[in-house]
Amino acid sequence: MWKIARRLALLAGVHPPHGPYAGFWSWKYLDLVRTARMVMSRRVKGFYREFPDLFPPGSKFPQIVLETTDGRTIDTRSFRGQKHFVLFTGAIT
Amino acid sequence: MQQLKDKYADRDVEFVSMYVREPHPEERGFRGYHQHETYEHKMAYAKELVETKDMDIPVVVDGMDQHHHKTLGNLPNMSYVVDKEGRVRHAETWLLADHVDRILAELVTADRGTRRHDRNPLWDAGVYANCAGRPQRLTEMAAVPPAATTRMRTYADRRFVACAPYSGTRSDRLRARLPRSRRGRGSYAGSW
């Protein structure tokens with residue numbers, strides 16, 4: 001049933017997070033109306049529509065130089081020739 | 001992701017988390033968290049995340065202009081896997097650990113043979129056989145015509161190679177040298 005719900009959501013252009021209840025587990029922590037308006041908005045749907053064309057597999061990853069929480073600076077170009085790296089985004093909410 | 005970091009700790013893999021804008025500030029489960037007003041505010045939330053989750057992965061904080069976040073896709077929980085050449089190998093709108101694990105396993109496997117203690121001269125020569133589902137001793141590859149090995153240019157080719165005809169065990173080969181009367185029962189089978 002939750003798989004069907006997830007497929008229907010994807011057909012509507014909504015991208016729920018992965019996880020239990022077809023990804024709708026997170027809605028326990030969220031305001032339903034506000035979140036529904038956000039995920040159904042043209043702006044957010046545009047992000048998902050444009051994402052595959054931004055940096056498709058095989059393309060060069062841009063250089064990112066940012067400061068870490070413990071005061072160091074990480075430059076993604078320093079990994080070239082040395083290490084593979086995984087970059088993922090997130091926040092506390 | 002912490003488990004993945006521990007799994008690939010001795011491999012050439014680095015994990016970096018980028019702290020971006022708050023996707024759900026002041027919502028039901030996050031009443032005490034507001035959208036960032038200053039960079040120091042954002043950094044404080046990032047440090048709190050590191051302490052709360054006991055993260056070993058370095059967390060870089062994007063600027064208030066969200067330049068890098070917008071460049072990468074402007075999504076709250078996206079993931080990229082980049083190889084040593086700086087090329088994107090995997091990009092996804094949601095961070096899925098099993099997908100990242102699969103891609104990293106491929107990258108790490110491709111690295112094999114480049115490290116000194118992994119080097120196998122026969123592997124370097126592209127000679128590796130798995131004939132009919134049973135591993136064949138690499139010394140037996142001498143029976144394979146050289147032309148066949150030169151065609152093995154990819155990892156997929158190297159996995160399966162035309163096997164030399166099975167010549168039997170050593171005792172079979174010795175028995176074949178004996179006259180038929182001395183070979184034992186069954187040596188005349190199939191000869192009618």
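The model is predicted, so local features need pLDDT of at least 70, side-chain atom pairs count only at pLDDT 80 or more, and totals for chains, interfaces and linings use all residues. Residues are numbered from 1 along each chain as its sequence is written, while chains are lettered from A and ligands numbered from 1 in the order in which they are written.

Start with the place where the chains meet. Chain A puts 41 residues into the contact and chain B puts in 61; two residues are in contact if their C-beta atoms, placed from the backbone, lie within 7 Å. On the chain A side, α3 (42–54), β1 (65–68) and β3 (84–90) each supply at least two residues, and β3(A) gives the most, with seven. Helices (H or I, at least four residues) and strands (E, at least two) are DSSP runs, numbered from the N terminus.

Now for the sheet itself. It is open and has seven strands, in the order β2(A)-β1(A)-β2(B)-β1(B)-β3(A)-β3(B)-β4(B), with mixed pairing. Two strands count as paired if DSSP finds at least two bridges between them. The edges belong to β2 (73–75) of chain A and β4 (88–92) of chain B, each of which pairs on one side only.

Strand β3(A) has a partner from chain B on either side. Seven bridges tie β3(A) to β1(B) (residues 13–19), and the two run parallel; here A:F85 is the bridge partner of B:E14. Four bridges link β3(A) to β3(B) (residues 79–82), this time antiparallel, with A:F88 partnered by B:S79 and A:V86 by B:V81.

Strand β3(B) is covered on both faces: B:S79 and B:V81 on one side, and B:Y80 and B:V82 on the other, are all buried, meaning that 20 or more other C-beta atoms, placed from the backbone, lie within 10 Å of a residue's own. Four bridges also join β3(B) to β4(B), again antiparallel, and B:V81 stands opposite B:H90. These two strands form a hairpin with five residues between them, and B:G86 in the turn has a positive phi of about 85 degrees.

What about helix α1 (residues 2–11) of chain A? None of its ten residues is buried, so α1(A) lies largely in the open. After α1(A) comes A:G13, whose phi is positive, near 90 degrees.

Key
A residue is buried if 20 or more other C-beta atoms lie within 10 Å of its own, exposed if 12 or fewer, and partly exposed in between; C-beta atoms are placed from the backbone.
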